[in-house]
Amino acid sequence: MLLGAPGSGKGTQAARFASDYDVPVIATGDILRKNIKENTPLGQQAQSYIEKGDLVPDDLVIALVDSAFAEADAKGGWLLDGFPRTTAQAEALDVLLEKTGKKLDRVFLINVPKDVLISRITGRLLCPKCGRIYHEKSMPPSEAGVCDLDGAALTRRVDDNAETAESRIAVYNEQTKPLIDYYAAKGLLTEIDGTIGLDKIEDVIRETLS
Ligand code: AMP
């Protein structure tokens, strides 16, 4: 599981991980955005929360993860990105783990100072086709505004503006930070300095899991 504030680099590490390990990445934010794009009932319910930077209600997100766990590709395990984000979600996850007979190998907390989070979030660009994440300054595509992998026009997330970033970080501090103690108490937590560089962060994750 990857734990960390918005902009800490969870999605970027998840993408690296997914290319090597034969398990799906279950990223609740990505699944919710897909539902909004496809205008599903879940997307309609989630949209206003996401646009404001608030958390989508626990019951909706827990149901979403429950069905992601039931998919055939999740039988051999998964990587969780962006879930759980509240104590209620963490407790629900414990129940789901019991139900599916799985356990968490490790929870990686990626620590990044707030000023860095804000600059990462406000400069973030996303490929709507393959999901690859760029940054306009620190990780630009070869050709401005175009995905290196598939040539799609890069977009910005609706919630990646300075104002919403502030409230998302505040929500993280209030509602998600308690999970640090929750998983530390279970002996599952590995803390990583999220400013050491993408390759080094990936190395820590790999070495810890090997
Ligand atoms: P992310 O892509 O992880 O930054 O998530 C984007 C937005 O989706 C968040 O700001 C929330 O509004 C919503 N979201 C994603 N995961 C969760 C979750 N586990 N619980 C509640 N809301 C979530």
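Guide: Ala, Val, Leu, Ile, Met, Phe, Trp, Tyr, Cys and Pro count as nonpolar, Asp, Glu, Lys and Arg as charged, and the others, Gly among them, as polar. The model is predicted, so local features need pLDDT of at least 70, side-chain atom pairs pLDDT 80 or more, while totals for chains, interfaces and linings use all residues. Residues are numbered from 1 along each chain, and side-chain values use heavy atoms, without hydrogens and water.

Visitor: How do the residues lining the second largest pocket divide?
Guide: A pocket is an open set of points on a 1 Å grid, with protein on both sides within 12 Å along at least five of seven lines; lining residues have an atom within 4 Å of a point. Here 15 residues do so, with F17, W78, L79, D105 and L209 nearest the centre. They divide into 9 nonpolar, 2 polar and 4 charged.

Visitor: What is the volume of the second largest pocket?
Guide: A volume is the space filled by probe spheres set on the points, which are joined across faces, edges and corners. For the second largest pocket that is about 300 Å³.

Visitor: Which elements give two or more residues to the lining of the largest cavity?
Guide: A cavity is a set of points where a 1.4 Å probe fits but cannot get out. The largest cavity holds about 60 Å³, and L2, Q13, R16, F17, L79, E202, I205 and R206 line it. Helices are DSSP runs of H or I, at least four residues, numbered from the N terminus. The elements asked for are α1 (10-20) and α9 (198-209).

Visitor: How do the residues of the largest cavity's lining divide?
Guide: L2 and F17 are among the lining residues, as are R16 and E202. The lining divides into 4 nonpolar, 1 polar and 3 charged.
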